[in-house]
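Colleague: Could you take me through a few spots in this model? I have some quick questions.

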Amino acid sequence: MPSSNPTPALENDDVPIDSSQPEHNLQVNENDQDHVIEDSFQKTKRKRKKTSPVWNDFDEVEIEGGVKKAVCRYCKYQFATGGLGSSTSHLKRHSQICMQRKLHMTKEAKQTVIRFQPSNQGNPFMSPGDRYTNEKMREIVATAIMVHEHPFSVVEEEVWMWAFQYANSDFHKIGRKTAREDCLRIYEEEKKILKALLRNIGKISITTDMWRSSHQVAEYMVITGHFIDSGWKLQKRVLSFVKIPAPRRGIDVADAIFKCLKSWGIENKIFSVSVDNASYNDSCLKSLKEDYPLSRMLVLGGALFHVRCCAHVINLLVQDGLSQIKDVIGKVRESVKYINHNDARLKAFCDVVEQKGLKDRKLILDCPTRWNSTYHMLSAALKFKIAFPSYKEREPHYKYAPSTEDWENVEKVCQFLEVFNLATVVISGSEYPTSNLYLVEVWRVKQVIDNAAEDTNSFMREMAASMKLKFDKYWGECNLLMAIASVLDPRSKFHTVNICFPLIYKAEVAQENIEKVKNSLEELYAEYVSLSLQESSSNEVHTSGINSSSSSTQSQSLDITGFDRIMSIVREKEAVPAVKSELQTYLDEGVYIPDGNNNSFCVLEWWRNNSLKYKILSKMAADILAVPISTVASSLLSVPEAELLMNIALN
């Protein structure tokens with residue numbers, strides 16, 4: 001140790017160092033102590049906690065050989081980790097695209113929660129060096145009114161104003177009219193920003209759905225735009241809330257939609273419109289195609305324009321099937337109502353549950369108009385099936401206990417509906433493309449219906465028979481959108497169509513539909529090629545016209561035979577080798593096999609990385625993949641600030 005330290009150093013065996021030893025021995029002892037200090041430092045360093053927020057989505061586990069891996073908590077895929085202080089960029093990238101994580105977050109999200117800014121961005125109104133101004137304070141107050149849905153009169157509540165004046169004596173009171181003007185001003189500013197963004201977008205798909213304010217009885221039709229931005233990110237923007245009083249006619253809805261599109265300057269950019277199966281929507285879409293100018297800009301002659309909400313179709317299918325077993329469902333529903341009626345009944349049931357050693361403690365009452373809530377009610381009640389008979393013995397007035405046969409039927413129904421529930425979750429996502437996932441989910445639905453139709457249980461066969469009729473009604477015809485979108489998924493390309501179509505349709509119809517998809521895909525690609533050529537040659541028309549005229553004059557002046565002319569054309573064609581189209585090149589190449597779990601694959605990221613290779617096809621893929629196959633996303637209220645401002649502007 002240095003001479004300035006009076007404390008004698010100790011070796012590993014804790015024997016005091018003798019200062020009479022030679023100098024080289026003292027040096028060795030100092031090195032040994034350095035190792036001890038270094039080991040102690042390493043142990044302290046290893047004990048430090050990981051501070052990166054990405055570890056909220058990963059667990060560090062040790063596998064064979066002492067190698068540590070970071071395991072995703074959602075899809076269970078393993079990643080290499082270098083320990084403390086190592087880069088976590090690859091983990092962050094996976095978290096952003098992990099499908100299972102997105103599904104989990106969507107399921108956990110509350111529809112009634114509205115955020116003006118994501119919570120991880122902190123205070124959007126504060127920046128270093130800012131000084132207090134009444135203008136900024138008015139902007140914050142207006143934003144608070146819109147985000148939290150306060151009435152404009154909140155600014156005239158005296159105690160709140162006292163609090164603001166206590167925080168800053170320079171604060172000036174404002175009235176409800178001023179607050180309203182501030183809200184409208186912010187709305188107009190945000191509208192200009194969104195208009196500028198939409199000007200640079202090629203194609204936009206829209207969804208419509210009915211939305212009811214918590215403060216009003218009236219219903220509004222919400223119109224939402226979906227598109228892929230220049231950074232290959234899927235974007236969603238609410239464009240308008242339109243009040244359409246009942247009875248709603250198709251022509252009235254079409255007129256409201258077109259006025260909205262016209263106001264945003266996107267009437268010539270519409271790719272598709274996704275709606276539910278309300279009768280007025282059919283006439284609305286027909287009117288938009290035939291009576292409005294946007295019909296001239298539709299691809300494939302409008303074959304992809306009308307998109308039916310897949311989640312709504314599944315709801316109709318399941319509701320039709322559940323109507324066949326309403327007696328069994330009724331017993332479970334009445335049992336849940338009876339037990340949850342008051343605390344005494346619930347406590348008695350909990351005592352039985354505890355006596356039976358069951359871990360679950362909660363029964364769920366469904367909303368009869370939503371099949372998935374009925375599924376969750378049955379699934380929850382099934383966990384307590386052994387408790388209901390014992391509860392019946394304690395409660396003489398309880399007369400709704402399902403029989404053993406009923407519980408067997410409930411178990412079969414839950415297994416049957418699990419596929420429908422998962423399909424609904426997948427296709428209702430709003431943070432990732434869903435059109436490429438549509439065909440596979442339809443095939444799974446058809447598969448479980450066919451299996452149920454051959455079940456030994458008569459009530460399952462009756463339920464499946466009713467659902468099969470509804471399935472053939474909505475998916476009897478070839479759905480071009482779901483087929484083309486599946487082809488543009490590089491993991492499967494045409495394999496999904498070739499596998500699923502024969503399982504969905506009859507043999508002869510399946511082959512016809514496969515050919516129809518191939519022809520439509522080629523025709524659609526040709527339209528995009530033509531559009532690309534028009535854009536690239538718009539500045540060269542005049543020059544090319546002069547050159548063409550000059551060459552024509554020279555050709556006429558030459559005295560050559562007809563055969564010489566034919567041979568000249570042949571030589572020109574032979575001189576230019578045939579080049580495959582981007583579409584043919586894409587289909588001829590093998591499918592893309594992603595590393596690890598398929599759930600972490602992002603189709604938009606793949607097309608972004610290959611956009612230089614497929615310049616035209618990638619534009620087509622962006623427009624197809626931006627089409628939402630469900631209108632559920634239109635009902636969610638977790639939307640960006642501009643959408644909130646549009647909502648408030650109507651009130």
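Colleague: Which element gives the largest share of the lining of the second largest cavity?

Modeller: That share, three residues, comes from β4, strands being DSSP runs of E of at least two residues and helices runs of H or I of at least four, numbered from the N terminus. The model is predicted, so local features need pLDDT of at least 70 and side-chain atom pairs 80 or more, while totals for chains, interfaces and linings use all residues. Residues are numbered from 1 along each chain as its sequence is written, and side-chain values use heavy atoms, with hydrogens and water left out.

Colleague: Which residues line the second largest cavity?

Modeller: Its lining consists of Thr208, Asp209, Met210, Met221, Asp276, Tyr280 and Asn281, where a cavity is a set of points on a 1 Å grid over the protein atoms alone at which a 1.4 Å probe fits but cannot get out, and lining residues have an atom within 4 Å of a point. Two or more of these residues come from each of β4 (204-212) and α8 (279-291).

Colleague: Changing topic, is Lys102 buried or exposed?

Modeller: Lys102, which sits in helix α3 (residues 99-108), counts as buried because its relative accessibility is 16%, buried meaning under 20% relative accessible area and exposed over 50%, with partly exposed in between (1.4 Å probe, protein chains only).

Colleague: And what is Lys102 in contact with, beyond its neighbours within four places in sequence?

Modeller: Lys102 is then in contact (heavy atoms within 4.5 Å) with Gln96, Ile97, Glu431 and Tyr432.

How values were computed. On a 1 Å grid over the protein atoms alone, a cavity is a set of points where a 1.4 Å probe fits but cannot get out, and a pocket is an open set with protein on both sides within 12 Å along at least five of seven lines; lining residues have an atom within 4 Å of a point.
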